[in-house]
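Work through the exercises below with the model open beside you. Try each task before reading its solution.

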Amino acid sequence: MKIRDYIFNSLLGKSGVVFYDSRWLDSGGIGRFCKEIMASKVTADTKKIEGSLSQALSVKDLFLSSFITVNGAYFISPGYNAPLFPCSKAIITVHDLMHLYFSEYQSIKNKLYYDIIVKRTVTSAPLVFTVSDFTRQEISRWAKISIDKIIVVPNGVDHKFYHEAVLPIVRDRPYFLYVGNNKSHKNLKRLVSAYASSGLSTEVDLLISCKPTPELSLLIAELDMTERVVFLCGVEESDLPSYYKGAVATVVVSLYEGFCLPILESMAVGTPVITSNVTAMPETAGGAALLVDPYDINSIRDGLVDIWQQKLVRINLVELGLKRAQMFSWERSREIWDDALIPILEK
């Protein structure tokens, strides 16, 4: 639908008109959430906003969402894009508050956008969506709003990850697997340093799904790990379950996550998980992963060694992980989404 069509529909809009911002479809983790939630009963009947998202404080994006709500329609987003003016008909999803903690997210534009526009939107909205109780608590403190109006819609596990149907990839050597991007909060430098100090590189590789940064490549060369740390430079969605399935363990030791879906995806295929004991990761893991201190290289190293050397630990984590993953489904997430929105939209 083109912008002139949004304007036309908004001008004709009554209180029941609802627009869903599907421009998030190609945006990584939020894109997965956007796609799955778009199949909910409520969202399936909405008018879809298509196209691509711009940067924070984009005049086009701010105008579009503002125009929709000013003219009486609802604007619902699976991401954090918000209208310029606070409005009770804008409902957004805040997946995390990363910008509060890491310099790479703290540009002047981002700070203005979150601290003024997003904060005002969640304050005036009838409800706010997020993906974990950890982030729910953070939003409540940050925006000074009641926790009761923040609804947790967790990420789900796609059926393609269920272990019975997944075959592992074939490699000459066993491997630990990291799935994610190369941003600083993903803590890849400490992960690589822990792997190098573990002494396991003679037996098992470390596969990293993203591309290396120049700093990370330099560190790996200095540690003489170039042959053992393998960058996949992107993994096709269709191949991801097989990479999980073939791993000794999935290792995600981020400094911050609002949810961390790779934890559950790995558990669903029957692969144990090593993850951080901070932010939302313990909540997502639910006692079914080996937790380590992401700020302590020795703690990460010990986790790698324990998983590799202790078969009973691996077996126990696999059993716990399979049960944990089954608690998360996109069907259930869509039900929560619908149950929260229906009373609002029917008013």
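**Exercise 1: a helix pair**

Helix α10 (residues 261–268) and helix α13 (residues 311–325) pack with their axes 7 Å apart, at an angle of about 115 degrees. The model is predicted: local features need pLDDT of at least 70, side-chain atom pairs count only at pLDDT 80 or more, and totals for chains, interfaces and linings use all residues. Residues are numbered from 1 along each chain as its sequence is written, and side-chain values use heavy atoms, with hydrogens and water left out.

Task: classify the packing of α10 and α13, then find the contact residues.

Solution. 
1. Recall the terms. Helices are DSSP runs (H or I, at least four residues), numbered from the N terminus. Axes are lines fitted to C-alpha atoms over the stretch in contact, and angles run from 0 to 180 degrees between N-to-C directions.
2. Apply the classes. Angles of 65 to 115 degrees count as roughly perpendicular, under 35 as roughly parallel, over 145 as roughly antiparallel, and the rest as oblique. α10 and α13 are therefore roughly perpendicular to each other.
3. The crossing of α10 and α13 is left-handed (the near helix is turned anticlockwise from the far one by less than a right angle; clockwise is right-handed).
4. List the contact (heavy atoms within 4.5 Å). α10 supplies L264, M267 and A268, and α13 supplies G321, L322, R324 and A325.
5. Sort the residues. Five are nonpolar, one is polar and one is charged. Ala, Val, Leu, Ile, Met, Phe, Trp, Tyr, Cys and Pro count as nonpolar, Asp, Glu, Lys and Arg as charged, and the others, Gly among them, as polar.

**Exercise 2: a second pair**

Task: how do the axes of α7 and helix α12 (residues 297–309) cross?

Solution. 
1. The axes come within 8 Å and cross at roughly 60 degrees.
2. That angle makes α7 oblique to α12.
3. α7 passes α12 in a right-handed crossing.
4. R190, L191, S193, A194, Y195, S197 and S198 of α7 meet I297, I300, R301, L304 and V305 of α12.
5. This contact divides into seven nonpolar, three polar and two charged residues.

**Exercise 3: a pocket**

Task: which residues line the second largest pocket?

Solution. 
1. The lining is N182, K183, S184, N187, L188, K189, R190, T213, E215 and L216.
2. α7 (188–198) and α8 (214–222) each give two or more residues to this lining.
3. Two lining residues are nonpolar, four polar and four charged.

How values were computed: 1 Å grid on protein atoms, 1.4 Å probe; cavity = no way out; pocket = protein on both sides within 12 Å on 5 of 7 lines; lining within 4 Å.
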